[in-house]
Amino acid sequence: MGYRTSERLPFIAEAPSHEGLYYALYSKALANIGCQLKVIRAPKKRVLHMLKSGEIDFYPGLGYSDEREEYLHFIDSGLKSRSAIISHVDTKPVKSLAEMKGKTLLIAHGAKPIDGEKYGVFMRSGYDLSLAQVVDLISKKQVDFYFYNEDNINYFLAQNPNENIKVYSINENPTVLHLGFSRKSQFALEEYNTAFDPLSDKSLVNREYVLTTNNKAYQFQQSLIELKNQGVTNKLVREFFYQQHIH
């Protein structure tokens with residue numbers, strides 16, 4: 001597994017520690033199919049390059065895009081994610097990029113591309129941004145908005161309260177969090193998806209290639225489904241998000 005060097009608690013600690021929900025969940029799923037988890041930390045752009053070449057096998061949580069589909073299989077992790085916006089308390093709430101016109105949106109290098117120019121939004125990016133850095137920049141009004149996982153933000157602010165920060169959801173229902181598994185990995189074998197519709201847009205449900213059933217990547221996918229169905233995944237989520245920081 002590859003991941004950027006900064007923390008995303010409680011999913012993963014700052015390098016060199018790899019402790020967190022990702023390690024607990026994925027090491028358990030891999031152990032069930034006779035594999036061990038090794039973690040490599042590097043800047044996100046470097047990690048994505050390593051995924052393209054098959055040098056590392058997977059990234060623990062990635063949103064789908066046509067570009068990423070060219071070198072990744074997307075596997076349901078069993079985890080869910082709800083997107084939220086972080087802004088300064090003085091900033092008027094927004095629900096879309098169009099409402100951010102004239103404002104500055106912060107993104108991390110290697111993040112899913114956003115066409116700010118189309119909406120008149122100023123874009124500012126940074127390498128391996130930590131949530132602490134993001135909150136600091138917004139608190140000082142050096143940037144206006146940042147998209148992030150709502151649970152992560154609330155977890156961070158519960159331990160690091162900041163009266164200058166406002167957080168609100170931008171989608172009512174949580175979405176499935178997928179891991180990105182390298183198509184070049186030695187553990188992935190694929191075949192043409194006979195259900196693929198070339199006349200429709202590619203998506204998570206309309207992919208040109210899918211995993212065969214005789215490889216470790218597929219077994220990993222099935223192991224994650226089993227952990228979710230057994231309630232193990234939700235138990236780990238409760239443990240890492242809601243129990244470890246309550247004293």
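Modeller: The second largest pocket is lined by 19 residues. Nearest its centre lie Met-1, Gln-36, Lys-38, Asp-57 and Phe-187. This is a predicted model. The volume of the second largest pocket is about 330 Å³. Helix 7, residues 216-229, gives the largest share of the lining, with 3 residues. By class, 12 lining residues are nonpolar, 3 are polar and 4 are charged.

Now set the largest pocket beside it. The largest pocket holds about 1,000 Å³ of space. Its lining has 31 residues, and Leu-62, Gly-63, Arg-68, Ser-83 and Lys-112 are the closest to its centre.

The structure holds 2 cavities of 30 Å³ or more. The largest cavity has a volume of about 40 Å³. Its lining is Glu-7, Arg-8, Leu-9, Leu-131, Tyr-148, Asn-152 and Phe-156. Of these, 4 are nonpolar, 1 is polar and 2 are charged.

The second largest cavity also comes to about 40 Å³. Around it sit Glu-69, Leu-72, His-73, Arg-183, Arg-207 and Tyr-209. That lining divides into 2 nonpolar, 1 polar and 3 charged residues.

Notes:
Residues numbered from 1 in each chain as written. Predicted model: local features only at pLDDT ≥ 70, side-chain atom pairs only at ≥ 80, totals over all residues. Heavy atoms only, no water. 1 Å grid on protein atoms, 1.4 Å probe; cavity = no way out; pocket = protein on both sides within 12 Å on 5 of 7 lines; lining within 4 Å. Points joined across faces, edges and corners; volume = space filled by probe spheres on them. Helix = DSSP H or I, 4+ residues; strand = E, 2+ residues; numbered from the N terminus. Nonpolar A, V, L, I, M, F, W, Y, C, P; charged D, E, K, R; others polar.
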